[in-house]
Amino acid sequence: MLSRGKVPASSILASAPSDKNLDTWRESGCRTTHCNLEVLQESTLVFLATKPHVLPGVLQEIRPAVGPHHIVVSLAAGVTLQTLQRVRFLLLLLLLLLLLLLLLLLLLLLLLLLLLPFAPLLPAGTKVLRLMPNLPCVVQAGAMVFARGSGAGDGEAALLKSLLSSCGLCEEVPESYINIHTGLSGSGVAYVYLFAEALAEGAVKMGMPGGLASRIAAQTLLGAAKMMLETGEHPAKLRGDVCTPGGTTIHALHQLEKGALRATVMNAVEAATNRACDVAED
Ligand SMILES: NC(=O)C1=CN([C@@H]2O[C@H](COP(=O)(O)OP(=O)(O)OC[C@H]3O[C@@H](n4cnc5c(N)ncnc54)[C@H](O)[C@@H]3O)[C@@H](O)[C@H]2O)C=CC1
Ligand SMILES: O=C(O)[C@@H]1CCC=N1
């Protein structure tokens with residue numbers, strides 16, 4: 001967003017507990033702080049980009065400062081809009097204990113418990129959106145999807161899409177697709193790097209220098225991806241176009257099929273998607 005000039009650096013305030021991760025922001029001309037509340041006081045659009053297990057604590061911390069003018073965007077893998085808008089399980093357990101101790105107030109607390117699942121971790125009505133980016137956002141070639149919470153409207157969705165389109169492809173999707181996107185693309189980038197590494201190592205094994213092999217592997221992935229996007233063809237069709245009968249490619253593809261590449265990659269997407277579903281429970 002900064003490199004595309006969508007947002008001036010001076011309007012960005014980044015917060016983290018230590019200086020370690022703030023240097024990059026300072027070098028880009030952004031302001032930094034160690035106080036999350038200060039970000040809420042100074043900004044209307046707030047990105048929450050902590051690890052998922054850190055997020056509930058951050059939400060508790062900023063909750064008092066969140067107002068109707070804020071747009072809160074969570075990037076945390078697996079953390080659902082429902083979780084963002086609900087009290088923590090621990091709090092629920094404490095209230096259950098209280099319930100046992102205060103038998104006399106049984107009726108009153110029962111009523112409270114009935115209401116609690118709907119009590120938000122963020123203030124009710126907060127404009128909250130859930131975003132799943134991927135690493136190539138840093139080179140403006142990301143693939144992002146987002147879903148809006150009940151308080152966010154067309155204006156907030158349009159703002160987010162407009163800002164993030166400078167970082168790559170950005171689509172609004174039903175929330176149920178977000179964990180799938182994590183398995184396909186958020187984590188998927190790592191599978192592609194693994195494949196690129198294997199391609200290059202194959203070439204090194206056959207005698208090509210490593211640096212050249214890596215560059216050619218990367219350009220091969222880039223070109224293949226570009227053709228898929230620009231032609232709109234199914235990858236199976238493009239793969240067929242490369243295969244000469246009795247030629248080199250079909251011999252190589254036979255080896256990949258013997259190694260169950262497709263089933264293995266499908267299993268990887270499934271494993272990451274399932275993990276995204278579980279991560280919020282940790
Ligand atoms: N790395 C990736 O490719 C992707 C990551 N994500 C999600 O983005 C989030 C961040 O992931 P990474 O950037 O990889 O992690 P990271 O560890 O590089 O960044 C986390 C940041 O949170 C900050 N932080 C920690 N505690 C904090 C607190 N109490 N208050 C404010 N800031 C705090 C840290 O200083 C750090 O800058 C995760 O939830 C992850 O699921 C989503 C898609 C892709
Ligand atoms: O591995 C993770 O949990 C994060 C989410 C997607 C990419 N990295």
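Around ligand 1, the shell splits into eleven nonpolar residues, four polar and one charged (Ala, Val, Leu, Ile, Met, Phe, Trp, Tyr, Cys and Pro count as nonpolar, Asp, Glu, Lys and Arg as charged, and the others, Gly among them, as polar). Keep in mind that this is a predicted model, where local features need pLDDT of at least 70, side-chain atom pairs count only at pLDDT 80 or more, and totals for chains, interfaces and linings use all residues. Residues are numbered from 1 along each chain as its sequence is written, ligands are numbered from 1 in the order in which they are written, and side-chain values use heavy atoms, with hydrogens and water left out.

**Ligand 1**
- 16 residues surround ligand 1 (a heavy atom within 4 Å), and the closest are N21, N36, T50, A76 and A77.
- The N21 side chain has an N or O atom 3.1 Å from an oxygen of ligand 1, and the K51 side chain has one 3.2 Å from an oxygen of ligand 1.
- For N36, an N or O atom of the side chain sits 2.9 Å from a nitrogen of ligand 1.

**Ligand 2**
- Here the surrounding residues are A77, T182, G186 and S187.
- On its own, ligand 2 exposes 250 Å², and the protein buries 42% of that (Shrake-Rupley method, 1.4 Å probe).

- T50 is in contact with L55, V58 and A76, leaving aside neighbours within four places in sequence (contact means heavy atoms within 4.5 Å).
- A49 counts as exposed because its relative accessibility is 59% (exposed means over 50%, with a 1.4 Å probe and protein chains only).

Key:
A polar contact is a pair of N or O atoms within 3.5 Å; within protein, one must be able to donate a hydrogen and the other to accept it, and residues adjacent in sequence count only if both atoms are side-chain atoms. Buried means under 20% relative accessible area, exposed over 50%, partly exposed in between (1.4 Å probe, protein chains only).
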